[in-house]
Amino acid sequence: MILLFSDMNYDQEWAAGLLAEPFSYMHTAAVLPLVYEEGWASDAVMHGDLLAEEESLYHLQRPLKAYGMKPENIHILDQNGLEPELFERILQHSDVLVLSAQNAAQACRILEDRGLDSLIRRYHGLLIGIGAGAEALLDTVEDSWYGVEREGLGVLSGFHLMMNYSEEPEQLAQIIRYLETGDESVIIVPARGGVLFDYGNIELLGSAFIADERDLDELYGLYSG
């Protein structure tokens with residue numbers, strides 16, 4: 001099973017009714033927040049700051065705790081120094097893997113550089129992608145640094161994703177571009193929305209919806225309005 005959300009709010013009422021039952025079988029989790037910094041600070045410093053902040057740790061753990069998982073069974077992983085052998089052992093003992101990120105292309109680059117990408121592709125537990133961590137699971141992701149697409153993790157395919165949708169003009173333009181230049185639909189996930197993939201079935205949660213070429217006229221109207 002794979003779950004995609006825009007934020008760490010998947011314990012709220014719009015999702016909890018459907019997820020409470022599968023989560024009742026989940027007892028251990030690994031949470032991997034992928035952080036990068038475009039300025040002077042290094043990734044290691046940024047990630048160290050994140051893991052040192054009580055509020056950030058609470059944010060990462062809270063939804064899992066809300067589903068009954070004990071804090072000592074929720075392991076927040078540090079991307080720095082996380083070797084493939086250690087990551088593999090952790091995944092073998094984790095019912096849930098949560099992958100969060102700020103930028104999908106950078107997340108894929110971090111995972112590839114550290115040799116962790118193939119382990120995520122082979123993971124058979126409940127995989128949760130948050131924000132850009134969800135986008136990283138696709139076949140290809142947009143690399144805003146270079147203005148090109150790069151290879152994603154390839155866990156999911158056959159559609160585009162728009163996470164954190166709030167009807168901003170640049171988001172509408174991107175959705176229109178997706179639909180005009182290809183034959184794949186776009187799964188659109190606002191802040192209070194999610195997507196569940198289970199044995200080939202797709203279920204939309206909360207305010208998530210799917211757009212295809214039949215929606216172009218409405219999207220043009222929203223964009224021009």
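Leu161 touches Leu4, Ala134, Glu135, Leu138, Tyr178, Val186, Ile187 and Val189, leaving aside residues up to four places away in sequence. The model is predicted. Leu161 is also among the three residues, with Leu4 and Phe87, that touch the most other members of the largest nonpolar core, a set of 39 residues. The points below cover the cores, the sheet and the aromatic pairs.

**Nonpolar cores**

- The largest nonpolar core comprises 39 residues, and helix α5 (residues 104–113) gives the most to this core, with six residues.
- In soluble globular proteins, nonpolar side chains tend to be buried together.

**Sheet and covering helix**

- Three strands form an open sheet in the order β8-β9-β12, and their pairing is mixed.
- Strands β8 (160–165) and β12 (209–211) are the edge strands, each pairing on one side only.
- On average, neighbouring strands of this sheet are turned by 25° against each other, with direction ignored.
- Strand β9 (residues 186–190) pairs with β12 in the antiparallel sense, over three bridges.
- Ile188 has Phe209, in β12, as its bridge partner.
- Helix α8 (residues 169–181) lies across β8, β9 and β12, and runs at about 170° to β8.

**Aromatic pairs**

- The count of aromatic pairs comes to seven.
- Tyr10 and Phe23 form a stacked pair, with 6.2 Å centre to centre and 15° between the planes.
- Because Tyr10 lies in the loop between β1 (2–5) and α1 (13–23), while Phe23 lies in helix α1, this pair ties together parts that are 13 residues apart in sequence.
- Both Tyr10 and Phe23 are buried.
- The ring centres of Tyr165 and Phe209 are 5.9 Å apart and their planes stand at 75°, so the pair is edge-to-face; planes over 60 degrees apart count as such.
- Tyr165 lies in strand β8 and Phe209 in strand β12, so this pair ties together parts that are 44 residues apart in sequence.
- Tyr165 is buried, with a relative accessible area of 10%, whereas Phe209 is partly exposed, with a relative accessible area of 32%.
- One aromatic cluster is formed by Phe5, Tyr10, Trp14, Phe23 and Tyr67.

Terms used. Residues are numbered from 1 along each chain as its sequence is written. This is a predicted model: local features need pLDDT of at least 70, side-chain atom pairs count only at pLDDT 80 or more; totals for chains, interfaces and linings use all residues. Side-chain values use heavy atoms; hydrogens and water are left out. Two strands pair if DSSP finds at least two bridges between them. Helices (H or I, at least four residues) and strands (E, at least two) are DSSP runs, numbered from the N terminus. Axes are lines fitted to C-alpha atoms, for helices over the stretch in contact, and angles run from 0 to 180 degrees between N-to-C directions. Contact means heavy atoms within 4.5 Å. A nonpolar core is a set of buried Ala, Val, Leu, Ile, Met, Phe, Trp, Tyr and Cys residues joined through side-chain atoms within 4.5 Å. Buried means under 20% relative accessible area, exposed over 50%, partly exposed in between (1.4 Å probe, protein chains only). Rings of Phe, Tyr and Trp (its six-membered ring) pair if their centres lie within 6.5 Å; planes under 30 degrees apart count as stacked, over 60 as edge-to-face and the rest as tilted.
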